[in-house]
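I opened this structure to see how some of its parts meet. My notes follow.

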Amino acid sequence: MRKANLFPWLLLSPTLLVLGMFVIYPAIYSVCLSLQHVDPFTQRSFFAGFENYTELFTSSEYWESVSTSFFFMLYTVIPSIVFSLLIALALDTNPFIRGFFRTLFMMPVAVSTAMAAMLWVFLYNPTAGYLNYLLAVIGIDGPNWLSDPHWALVAVAIATIWKELGFNIIFFLAGLAGVPNELREAATLDGANAWQRFRHVVLPILSPTLFFVGVVSVIHSFESFGQIHILTKGGPAGSTSVLVYSLYRDAFENFRTGYASAQAVVLFGILLLFTVVQFRVAKKRVHYG
Amino acid sequence: MDDTVSLPGKRVGEMVGAIPTVSWSRILSNKRLWVTLFLLIPALAQIFPMVYMISMSFKEGVEVFSYPPTVMPKSLQLGNYQAALEAAPIGRFLFNSMVAALSITLLQIFTAILAAYALARIEFRGKRILFVLILGTMMVPGEITIIPNYLTLARWGWIDTYQALVVPFAASGFGVFLLYQFFRTVPKELEEAAIVDGASRLRFLFQIMVPLALPAIIAFGVYAFVSAWNQYLWPLVVTQSTDMQTAQIGLGMFRAENESNSWGVIMAATSMLIAPSLLLFLVTQRQFVRGITMSGLKG
Amino acid sequence: MARVELSRITKNFGSLEVIRGVDLSIASGEFLVLVGPSGCGKSTLLRIVAGLETQTSGHVSIEGNVVNALSPKERGIAMVFQNYALYPLMTVFKNMAFSLKLSGVPKDERERRVLETAKILRIEELLNKKPGQLSGGQKQRVAMGRAMVRKPKVFLFDEPLSNLDAQLRVKMRTEISLLHRTTGATIIYVTHDQVEAMTLADRIAIVNKGKIEQVGEPLEVYRHPQTQFVASFIGTPSMNFLPSSFASQLVLPSGAQTIGFRPEHVCWSESGGRVKVGSGKVHLVEPLGSNAHVHVSLGEHAVVTEQEMSVAPPTDSAVDLWIDPSKLFFFDREGASLSGRANV
């Protein structure tokens with residue numbers, strides 16, 4: 001009231017300082033950097049206009065990264081949503097086992113991306129790994145997962161799905177909890193079978209969650225880095241070099257700050273698009289519940 | 001939550017029928033049984049890598065390469081753990097991770113409480129813009145800030161320090177948003193009563209508001225801790241010496257040197273590095289799930 | 001014990017005028033009730049006295065000192081809120097002791113005063129409970145106790161009984177009266193319930209659209225409302241109003257546009273100088289036990305009357321309405337009461 005003029009600013013100052021200095025300022029500064037050439041030896045920078053962007057969009061390597069990221073998204077998002085939805089639906093029918101199974105499915109979520117990747121390095125190991133042994137048991141000659149350019153991206157995707165599955169299940173379970181039982185019962189009385197109940201009763205109520213999980217998964221897939229750094233380091237033959245990996249390499253291995261910043265800005269643009277969609281949906285979701 | 005049974009019509013009949021005579025056809029036609037069996041497959045797939053990791057960490061020498069691979073080790077050998085501890089400062093990695101994650105969590109909680117209170121409870125000029133600005137930071141991915149932040153910290157000479165791991169994450173737009181929403185639900189009259197009683201705004205905030213918000217704060221804290229603990233790209237960029245590396249980055253040492261370390265040693269190292277986050281998860285499962293559902297942002 | 005004076009208080013929220021020039025003086029030890037419809041500004045007025053809201057202009061003084069610049073705790077007031085506003089995680093004891101602790105009262109003194117107050121309010125056995133474990137009435141008592149332990153000069157009540165059920169409200173009303181008598185403190189009490197106002201107040205201030213329409217003792221306000229608004233707001237069922245043409249056989253005070261009469265003053269027959277204001281049809285009878293409310297329609301107008309059950313006419317019967325002219329009120333175009341008597 002009387003002292004209200006300065007007081008709120010005082011309370012907000014730590015947050016504003018940190019977010020301003022480490023989120024807002026760098027986000028803007030990235031755009032400036034992307035318009036510069038920085039000499040890696042003298043550290044002097046020159047205004048370069050859109051040169052970095054021109055180089056980026058004419059680089060076949062970058063376009064390969066774009067397509068790798070796109071395929072990585074397809075490989076991770078679709079299976080992880082299908083599996084997690086099926087599992088959540090199954091869990092939802094049986095409250096007695098739900099808690100126990102949820103704990104099991106959640107455990108990989110608690111494990112960090114890097115640790116998860118390490119486990120899979122081992123599972124994929126052509127000699128000591130269990131995966132190819134299991135495949136051999138059912139008569140399949142497993143590929144050399146991490147060193148075969150045709151399989152490396154799939155291998156990374158499987159490890160990623162393994163880690164993210166529980167995350168999606170949680171959201172679907174929360175969404176399913178919002179389906180009123182009376183509705184399902186009413187549908188059953190009306191003679192609906194399991195599929196019809198799902199299609200006409202559960203799905204409409206679940207659809208905001210479904211869309212939300214979809215968008216979040218897409219954003220996650222575009223931000224993936226840790227598992228790739230540990231599993232394949234972008235290889236073999238660049239077959240797993242997704243957008244963030246390419247950015248990391250250009251910034252911190254090739255020291256091409258301007259060029260890497262241009263990549264960061266483009267990536268930001270892509271993610272922003274999805275994030276805006278996600279926020280819109282998040283609003284609706286809150287509205288629903 | 002409502003754990004009411006979803007197939008009520010069928011249940012009663014099944015139970016009545018099941019008590020007097022055990023009928024196999026009845027059991028086999030029990031949908032629940034099949035659903036549970038169906039769930040067992042993905043559930044096993046989810047925990048198998050971790051079980052296998054633990055088993056492998058106890059295997060020594062050639063047993064690692066025994067074919068077919070076995071899940072149960074012949075005996076519990078602790079040699080791998082000893083070797084892993086000798087190969088890398090695993091305790092130090094965990095300590096670094098703990099320092100960084102704990103500091104980030106506490107700082108985020110503290111800064112978010114102050115900011116959320118100002119936004120939720122005080123009217124002042126420019127509030128709307130600040131609110132949008134702070135919320136807007138939730139949309140900025142770490143990838144775009146990493147290069148400028150690295151340059152800033154390099155200029156300050158902070159590379160390879162704890163500050164570098166912590167300070168850029170000392171505030172969280174998400175935390176502010178979450179607590180803002182909670183604080184708004186606390187009746188205004190409670191604060192007025194405290195003011196009439198002679199409490200200052202800060203005393204009201206920390207003595208009455210914060211205890212009320214504790215469940216939300218804890219859920220956010222668990223979420224913030226796990227996120228900080230699992231960070232990869234940033235610590236990779238700002239740590240250089242082995243002594244400053246966090247658990248996630250230190251683990252990479254074993255990956256890089258996998259020729260010289262046996263798989264048993266690597267899995268022993270991974271087990272030790274994974275244990276804290278798994279333990280934290282098992283202890284705080286409810287808050288963890290709540291934190292994630294509230295966030296819906298990042299995993 | 002303290003006198004409270006409000007002089008020329010105004011309050012604007014942006015361009016909205018909520019309080020439009022209020023002068024009011026409350027005597028030491030007086031029980032003053034601010035009553036009015038919701039949104040009339042009565043709560044804002046109370047909050048200005050408390051210091052929770054700052055007036056746009058005007059002065060508040062307590063005990064002769066202008067307190068405009070003082071914070072709530074420096075004003076020597078205590079407040080009881082509509083939703084009790086008890087600290088949810090503190091025990092009843094801590095709730096009551098909180099303000100004492102903040103003002104540095106030593107521990108044993110705190111304990112003594114809380115116990116003493118708890119005894120008066122008969123809530124000793126609740127002291128170790130949390131607010132969530134209490135019933136509405138108990139919470140109400142604790143909220144009052146929290147205000148009482150501080151021995152404030154002025155108690156402020158903001159619709160304290162509106163969250164209670166009807167029976168409890170009556171009981172708590174008695175307790176508040178008791179509190180006033182035992183402490184002798186000055187009380188300013190806000191309510192929208194005119195029955196509460198009538199039964200509790202030494203004086204009532206009727207607030208309408210940010211202004212005080214009338215201040216006076218309950219019966220005085222009831223008998224001599226100065227405006228049509230006050231006349232309609234005080235008394236249940238409320239006063240009937242008809243255009244002055246219904247009393248054409250009388251010589252009305254000049255400027256009279258509207259006549260008013262209380263439901264209980266309507267009779268069915270001529271006697272002792274009564275005048276007839278009209279004939280109508282009974283369209284509803286609400287029996288209340290000893291009395292009944294009889295609703296009569298007079299063409300496009302409706303009148304409510306209160307009768308003894310025994311003389312209440314049956315529904316649909318035709319009735320004449322007779323009134324002693326001395327019981328009639330007259331209001332001008334602006335709704336001001338005209339003091340002149342009607343002559344036959």
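**Entry 1: two helices in chain A**

I listed the residues where α3(A) and α9(A) meet. From α3(A) come A:Ser69, A:Phe72, A:Met73, A:Thr76, A:Val77, A:Ser80 and A:Ile81; they meet A:Val213, A:Gly214, A:Ser217, A:Val218, A:Ser221 and A:Phe222 of α9(A). I sorted this contact by class and got seven nonpolar, six polar and no charged residues. I keep in mind that this is a predicted model.

Next I looked up the geometry. Helix α3 of chain A covers residues 60-93, and helix α9 of chain A covers residues 194-223. Their axes come within 9 Å and cross at roughly 140°. Angles over 145 degrees would count as roughly antiparallel, so α3(A) is oblique to α9(A). The crossing of α3(A) past α9(A) is right-handed.

**Entry 2: chain B against chain C**

How many residues of chain B are in contact with chain C? I found 13, and they touch 17 residues of chain C. On the chain B side, the elements that give two or more residues are α10 (188-196) and α11 (201-230). α10(B) gives the most, with six residues. By class, the chain B side has nine nonpolar, one polar and three charged residues.

**Entry 3: a sheet in chain C**

I then traced a sheet in chain C. Four strands make an open sheet, ordered β11-β12-β17-β18, with antiparallel pairing. Which strands are at the edges? They are β11 (240-243) and β18 (337-338) of chain C, each pairing on one side only. I followed β11(C) to its partner β12(C), residues 258-261: the two pair in the antiparallel sense over four bridges. There, C:Phe241 stands opposite C:Gly260 of β12(C).

Key:
Residues are numbered from 1 along each chain as its sequence is written. Chains are lettered from A and ligands numbered from 1 in the order in which they are written. This is a predicted model: local features need pLDDT of at least 70, side-chain atom pairs count only at pLDDT 80 or more; totals for chains, interfaces and linings use all residues. Axes are lines fitted to C-alpha atoms, for helices over the stretch in contact, and angles run from 0 to 180 degrees between N-to-C directions. Angles under 35 degrees count as roughly parallel, over 145 as roughly antiparallel, 65 to 115 as roughly perpendicular and the rest as oblique. A crossing is left-handed if the near helix is turned anticlockwise from the far one by less than a right angle, and right-handed if clockwise. Two residues are in contact if their C-beta atoms, placed from the backbone, lie within 7 Å. Ala, Val, Leu, Ile, Met, Phe, Trp, Tyr, Cys and Pro count as nonpolar, Asp, Glu, Lys and Arg as charged, and the others, Gly among them, as polar. Two strands pair if DSSP finds at least two bridges between them.
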